[in-house]
Amino acid sequence: MPGDYDIEYTSPWAGANYLPMADEAGSKWEKNTWPELARLAKDVPESGIHFQNTIVLNRLKDATTDTGKWLSSLTSTTPWFQNVVPDFRVLPSSDVPAGADSATAFTSVCINTAIYLPYLVSELLSLGTVFKRVVLTDINEAAALHVNGKADCVINCSGLLASKLGGVMDKTVIPVRGQIMLVRNDPGSMYTISGTDDGSDEVSYIMQRAAGGGTILGGTYQKGSWESQPDPNTALRIMKRAVAMCPQLTGGKGIEALDVIRHGVGLRPLREGGVRIEKERLAGGQWVVHNYGHGGWGYQGSYGCAAGVMELVEDVLGAKAKL
């Protein structure tokens, strides 16, 4: 639940932002999410979302690395989202920082998850949603929790624990460990780059959360790691990379001028083979619509995925009505 901090609950640890990562073939989830995030940033300040200028740096030498492949759509100079986000532009070579081969910029959003998650709870409560805390061992147990009896359809948003939930047990879902830190410093813009020289499972990004939420510095992309504790050596590398990428962060004074609030670790729920958004009728006849395995793009694909889930639920309810 929002307000909880547990290593198996990814959402509060995210930055979070809108930096599209899907290739064009899989872009519909992120493409269909941008309009709602932009609306919230423009018209609903209590949601904890604001617009932010974004700079994306690309190094040619990262093209064959894990992080370079992961971010290849984002770092392209002709990405599918160039006509989705506002003010997309390729920066002239004179504005490309040393160490990068190309750079793009556009207007994105950054989300203060400490405000946004409770906001979503409030929205659901206003619509009559009932929240319950229970421990499920099997997906089949969920239907009986409906306030009006047995649910016609269960929506499975179990994230990382889709790998352990009975009736699902999807062993292609793995954790991708992300270590971050939260600081008080102002970077001026959001930054990310295609890779680092510190290893193929380390990345670098900077984003300032809305509504006084501080600035997130990241990070790592460590597949298969369940380690919940921040590593001090990794934290030192994150700080050095952030200050090198954005000297404005500390006014040119180095990492000693970073005003650290806290360190954190989150586990991205990656599904090898891609997100699972599909309907399934279980052996006992219960209908389930799955929505899990988003990896590191859960927020920026959320509204698009929700719309896809709604279509599947309507299919299920329509099929039940005909029985």
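Colleague: Which residues lie nearest the centre of the second largest pocket, and how many residues line that pocket?

Modeller: The lining has 23 residues, and Met-21, Trp-70, Leu-270, Gly-274 and Trp-297 lie nearest the centre. Before we go on: this is a predicted model, where local features need pLDDT of at least 70 and side-chain atom pairs count only at pLDDT 80 or more, while totals for chains, interfaces and linings use all residues. Residues are numbered from 1 along each chain as its sequence is written, and side-chain values use heavy atoms, with hydrogens and water left out.

Colleague: What makes something a pocket and something else a cavity?

Modeller: Both are found on a 1 Å grid over the protein atoms alone: a cavity is a set of points where a 1.4 Å probe fits but cannot get out, and a pocket is an open set with protein on both sides within 12 Å along at least five of seven lines. A lining residue has an atom within 4 Å of a point. Rolling a probe the size of a water molecule over the atoms shows where empty space is left.

Colleague: How much space lies in the second largest pocket?

Modeller: About 600 Å³. A volume here is the space filled by probe spheres set on the grid points, which are joined across faces, edges and corners.

Colleague: Which helix gives the most to the lining of that second largest pocket?

Modeller: That's α3, with 3 residues. At least two lining residues each come from α3 (66–70), α4 and β10 (260–271). Helices (H or I, at least four residues) and strands (E, at least two) are DSSP runs, numbered from the N terminus.

Colleague: How does the lining of the second largest pocket divide by class?

Modeller: There are 8 nonpolar, 9 polar and 6 charged residues. Ala, Val, Leu, Ile, Met, Phe, Trp, Tyr, Cys and Pro count as nonpolar, Asp, Glu, Lys and Arg as charged, and the others, Gly among them, as polar.

Colleague: Why is the pair of Tyr-5 and Trp-13 called edge-to-face?

Modeller: Rings of Phe, Tyr and Trp (its six-membered ring) pair if their centres lie within 6.5 Å; planes under 30 degrees apart count as stacked, over 60 as edge-to-face and the rest as tilted. By this rule there are 9 aromatic pairs. Tyr-5 and Trp-13 have ring centres 5.2 Å apart and planes at 75°, so they pass as an edge-to-face pair.

Colleague: How do you know that Tyr-5 is partly exposed?

Modeller: Buried means under 20% relative accessible area, exposed over 50%, and partly exposed in between (1.4 Å probe, protein chains only). Tyr-5 has 47%, so partly exposed is the label.

Colleague: What about Phe-81 and Phe-106, stacked or edge-to-face?

Modeller: Edge-to-face, at 5.5 Å centre to centre and 65° between the planes. Phe-81 sits in the loop between α4 (72–75) and β2 (89–90) and Phe-106 in strand β3 (residues 102–111), so their pair ties together parts 25 residues apart in sequence. Phe-81 has 0% relative accessibility, so it counts as buried. Phe-106 is buried as well, at 0%.

Colleague: What makes Lys-164 a charge over the ring of Trp-226?

Modeller: The rule wants NZ of Lys or CZ of Arg within 6 Å of the ring centre and within 35 degrees of the ring normal. The charged end of Lys-164 sits over the Trp-226 ring, 4.5 Å from its centre.
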